[in-house]
Amino acid sequence: MTTIDLDYSTLDQTKLDDLTAYIDSLEHPEESLIHVLHRAQKLFGYIPYNVQFFVAKTLKIGAARVNGVVSFYSFFNEQKPGKYTISVCMGTACYVRGAEKVLQKLLEKLEINKGDVTEDGLFSVKDVRCIGACGLAPVVTVGEKVYGHATEDMALDIIDKYRGDLDGN
Ligand code: FES
């Protein structure tokens with residue numbers, strides 16, 4: 001059984017204060033959920049359940065609504081991401097050019113499921129909607145770096161490259 005932690009008293013108080021001040025600065029905070037969630041992710045690095053609950057309480061809206069938005073948009077992370085988040089575009093252009101195979105190769109090699117983090121905390125993998133670089137399809141990104149015309153072999157090279165970076169290579 002999975003336990004869901006809704007206790008936000010353990011969260012960094014300075015970050016919570018920052019988030020509260022941001023919400024207070026909004027003219028219509030209850031209509032600005034996406035902006036508030038962006039701010040929360042920027043502060044905490046991801047949006048775990050207790051942060052979602054804090055946002056819901058502060059905005060006086062349902063926690064299910066907050067969770068629905070966080071779950072729907074791929075740029076929000078509910079889990080603490082790995083040091084490197086590998087994103088595979090699954091928009092139409094990328095999908096028809098083989099993005100699914102690239103995604104599966106990454107997951108297979110790293111032995112994780114989509115959205116999970118490797119045991120060493122280095123990698124997480126997620127799929128994203130079109131990032132507007134369809135001419136390079138299929139597209140993989142790691143942070144700001146964009147890898148176009150991605151293949152399964154390239155997926156393996158990307159993993160090696162970032163593992164190598166960690167070792168100072
Ligand atoms: S569909 Fe992948 S960049 Fe547009």
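Domain bounds here come from an automatic or database domain assignment. On that basis the protein chain splits into domain 1 (8-72) and domain 2 (84-164), and their centres, taken over C-alpha atoms, lie 28 Å apart. Do keep in mind that this is a predicted model, where local features need pLDDT of at least 70, side-chain atom pairs count only at pLDDT 80 or more, and totals for chains, interfaces and linings use all residues. Residues are numbered from 1 along each chain as its sequence is written, and side-chain values use heavy atoms, leaving out hydrogens and water.

Let's start with a pair of helices. Helices (H or I, at least four residues) and strands (E, at least two) are DSSP runs, numbered from the N terminus. The axes of helix 2 (residues 33-44) and helix 4 (residues 63-72) come within 11 Å and cross at roughly 70°; axes are lines fitted to C-alpha atoms, for helices over the stretch in contact, with angles from 0 to 180 degrees between N-to-C directions. Helix 2 is therefore roughly perpendicular to helix 4, a word that covers 65 to 115 degrees. Where they touch (heavy atoms within 4.5 Å), Leu-33, Ile-34 and Leu-37 of helix 2 meet Arg-65, Val-66, Val-69 and Val-70 of helix 4.

Four strands make an open sheet in the order 2-1-3-4, with mixed pairing; strands pair if DSSP finds at least two bridges between them. Strand 2 (123-128) and strand 4 (145-147) are at the edges with a single partner strand each, so one side of each has no neighbour in the sheet. Strand 1 (residues 84-89) runs parallel to strand 2, joined by six bridges. Thr-85, for instance, has Ser-124 in strand 2 as its bridge partner.

Conventions
Angles under 35 degrees count as roughly parallel, over 145 as roughly antiparallel, 65 to 115 as roughly perpendicular and the rest as oblique.
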